[in-house]
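Hi,

Here is the structure I promised to pass on to you.

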Amino acid sequence: MRYTWVVDSHVGMVRSENEDAFFPEADDAADGPVAIAVADGMGGAAAGEVASRLAIDASTGDEAKDDDALERVQRANRAVVEAALAEPAHTGMGTTLTLGIFDADGLLHIGHVGDSRAYLVRAGELRRLTRDDTVVEELVVAGLLSEDEARIHPRRHLITQSLGMQDITIQLIEEQLGDGDRVLLCSDGLTSMIDDEAIRTVMVHAETPADAAWLLIDAANAAGGHDNTTVAVVDIAP
Ligand code: MN
């Protein structure tokens, strides 16, 4: 399979720092395997930026190149835990990580912790591949809240799991991709500002991954841009 990707990040309209991190740095195209990842850090005094950078570097660096998705997320978690223990200013820092390994045969392996997301667009339909590790997602799953209610819930940012915790449960998802599929990895700066229908419209109608990425960030900022927004858009072709 041939993967063409664009990754963009924007600080948003309110915050002064961008605590999201992503990989790869450069937009490009390649046959698989390709690793693409988004992380959203949290913690005071710039620790969020440290945590997301550590998670991205540990899970996509050279030492991880033979690892599967699970081992890469475990590696990222160890890096954040160890750095937090080593530096008092970094105590309590954490980060989400949504990592996709796009294999040569079109199989996508996702390792995921937190409230960043992965979506698949196929034949005009948008499907979320990850579950948020949040209190409100648990309420949605239990049928007590709708997706729309969850998106504006005052406690939507309360996450139940992040890298940096000693004990985490990593979501692993596999999806066979095909010609014409388009995949989105994104931080919650996108999904807390615009709903799935708005995301679907952009993902379906944008001509290129670059157009889609720019339109999504523009939409999040037009809706208020309350958070850093990071998007990775990946097109799949034979
Ligand atoms: Mn965020």
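Below is what I found in it, feature by feature.

Before you start, keep in mind that this is a predicted model.

Let's begin with the metal. Which residues hold the manganese ion? Three aspartates coordinate the manganese ion through their OD atoms: Asp-40, Asp-188 and Asp-227, at 2.0 to 2.2 Å. If you follow the chain from donor to donor, you get the spacing D-x147-D-x38-D. Are they buried or exposed? Asp-40 counts as buried because its relative accessibility is 8%, under the 20% cut-off. Asp-227 is buried too, with a relative accessible area of 7%.

Next, the salt bridges. The count for the model comes to 16. One of them pairs Asp-31 with Arg-2, with 3.4 Å between the closest N and O atoms. Asp-31 sits in strand 3 (residues 28-31) and Arg-2 in strand 1 (residues 2-10), so this bridge ties together parts that are 29 residues apart in sequence. Both ends are partly exposed: Asp-31 has a relative accessible area of 48%, and Arg-2 comes out at 34%.

Since Glu-175 is in strand 10 and Arg-122 in strand 8 (residues 117-122), the pair ties together parts that are 53 residues apart in sequence. Glu-175 is buried at 12%, whereas Arg-122 is partly exposed at 32%. Glu-175 also makes a salt bridge with Arg-127, at 2.9 Å from N to O. That pair again links distant parts of the chain, with Arg-127 in strand 9 (residues 125-128) and Glu-175 in strand 10, 48 residues apart. Arg-127 is partly exposed, at 39% relative accessibility. Elsewhere, salt bridges that share partners join Arg-117, Arg-128, Asp-132, Glu-137, Glu-147 and Asp-196 into one network.

While you are looking at strand 10 (residues 171-176), find Gln-171 in it. Gln-171 is buried, with 8% relative accessibility. Its side chain has a polar contact of 3.5 Å with the side chain of Asp-133. Leaving out residues up to four places away in sequence, Gln-171 touches Ile-110, Gly-111, His-112, Thr-130, Arg-131 and Asp-133.

Last stop: helix 7. This helix has 14 residues and reaches 20 Å from its first C-alpha to its last, close to the 20 Å expected at 1.5 Å a residue. Which of its residues are buried? Those are Pro-209, Ala-212, Ala-213, Leu-216, Ile-217, Ala-220 and Asn-221. Looking down the axis of helix 7, you'll see that the buried residues fall within an arc of 165 degrees, so they line one face of the helix. Trp-214 and Ala-222, on the other side, are exposed. What covers the buried residues includes strand 1, strand 11 (182-186), helix 5 (188-191), helix 6 (196-205) and strand 12. Just after helix 7, Gly-224 takes a positive phi of about 135 degrees.

Happy browsing!

Terms used: Residues are numbered from 1 along each chain as its sequence is written. This is a predicted model: local features need pLDDT of at least 70, side-chain atom pairs count only at pLDDT 80 or more; totals for chains, interfaces and linings use all residues. Side-chain values use heavy atoms; hydrogens and water are left out. Helices (H or I, at least four residues) and strands (E, at least two) are DSSP runs, numbered from the N terminus. Buried means under 20% relative accessible area, exposed over 50%, partly exposed in between (1.4 Å probe, protein chains only). A polar contact is a pair of N or O atoms within 3.5 Å; within protein, one must be able to donate a hydrogen and the other to accept it, and residues adjacent in sequence count only if both atoms are side-chain atoms. Contact means heavy atoms within 4.5 Å. Donors are N, O and S atoms within 2.8 Å of the metal (3.2 Å for Na, K and Ca); water is not among the atoms, so sites may look incomplete. A salt bridge is a side-chain nitrogen of Lys or Arg within 4 Å of a carboxyl oxygen of Asp or Glu. The expected span of a helix is 1.5 Å times one less than its number of residues. The arc is that of the directions from the helix axis to the C-beta atoms.
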